[in-house]
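Me: Pick one part of this model and take me through how the residues there pack. Keep it chatty, but give me the cut-offs.

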Amino acid sequence: MTKHAGFPTDEAVTAVAAPAPVGLHFTPFPPPKSAARDCKKLPALHVDLAAPAARFESMKASSPRRAADAELGDWMEMHPSALAAFEAALGAAKGKQIVMFLDYDGTLSPIVEDPDSAVMSEEMRDAVRRVAEHFPTAIVSGRGRDKVFNFVKLNELYYAGSHGMDIQGPAKQSNKHFQANGEEEVVHYQAGSEFLPVIEEVYRTLTAKMECIAGAKVENNKYCLSVHFRCVQEEEWNAVDEEVRSVLKEYPDLTLTNGRMVLEIRPSIKWDKGKALEFLLKSLGYAGRSDVFPIYIGDDRTDEDAFKVLRGMGQGIGILVSKFPKETAASYSLRDPAEVKEFLCKMVKIKGAGDGPVKQMNDLVVHADL
């Protein structure tokens, strides 16, 4: 089995954080298109008077913003660069098996106006491929599983689409990282299949509604829906929110959350990216083991569920991809997909290092795969 390198264990939590070990970083949770709307006037909605303003601020919070140098500096002290702290972080994974979890949009590919054009570069694909040769690797995305696979195009990975509700792994014979005490069959899990007809129905309704709002787009991710407003004029954001909520009033079993310039509609079940992380660790035969070091890299609010799981486990690290200060349970940060690629390449290089911190870790990386 290949042993792999890792980073210091630490994650902040939303409410009360446990005392942080010495030397680790914990933090408490505390281009638009212009077009006039030429459709019929939106119907009046019966909503709480205080809610629209709060929801609008929440939508604004998902939009990147500039931060003062002092604010960014303070945030970086709590969430240091995973590149700058690479060697120190590596030492915390001594003797442990690294398992990599990667978000897609904003992590492996840049955020773009058209979500169908979020293509990863060949250089990034090669970096992910090489990481997967040495560490069990999974893509955990809000996209539909088939869709994200068509973007990544690597058969040797695990894919958890629809925010972890649709999971499938490679065939066992091609999976050299699989542990003997894991599941016997090919990893496959689907949560909330009973909601598929409802999701399809809401998709058709919202697609028709969004035709009235220039720049809005509804994406069907099979087990969930994404309403993108990145290309919508800011003064129309409330209209997007109201239209979505007017439809969802008829579907109490669906829940609405904010992502990065997107409204996410999912079944109201206890399943998220954090649950997917736990499921994959168990499927790989790593559940309950202290010699495992999961690393989760993501940029979105939905990735916070995974960051919190790692914090609760007391092992592994979360890395938030962001150029701007954000409330997060992640321990470290990277600015953009370019830095993610650099980080992945450094992960691969530790295998061939003959001295320095890697050598001191007793040649942490030996072959074992996912």
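Reply: Helices here are DSSP runs of H or I, at least four residues, and strands are E runs of at least two, both numbered from the N terminus. This is a predicted model, where local features need pLDDT of at least 70 and side-chain atom pairs count only at 80 or more, while totals for chains, interfaces and linings use all residues. Residues are numbered from 1 along each chain as its sequence is written, and side-chain values use heavy atoms, without hydrogens or water.

Within helix 9 (304–313), Glu304, Ala306, Phe307, Val309, Leu310 and Arg311 are buried, meaning under 20% relative accessible area with a 1.4 Å probe, protein chains only (exposed is over 50%, partly exposed in between). Their cover includes helix 8 (273–283), strand 10 (292–298) and strand 11 (317–321).

Now to Met100, in strand 1 (97–102), which is buried at 0% relative accessible area. Beyond neighbours within four places in sequence, its contacts (heavy atoms within 4.5 Å) include Val131, Phe135, Ile295, Phe343 and Met347. Ile297, 197 residues away along the chain, has its C-alpha 8.1 Å from that of Met100.

Met100, Leu108, Ile297, Phe343 and Leu344 touch the most other members of the largest nonpolar core, which has 42 residues. Such a core is a set of buried Ala, Val, Leu, Ile, Met, Phe, Trp, Tyr and Cys residues joined through side-chain atoms within 4.5 Å. Helix 10 gives the most to this core, six residues. Another core lies apart from it, with 30 residues, among them Val99, Ala191, Val309 and Leu320.
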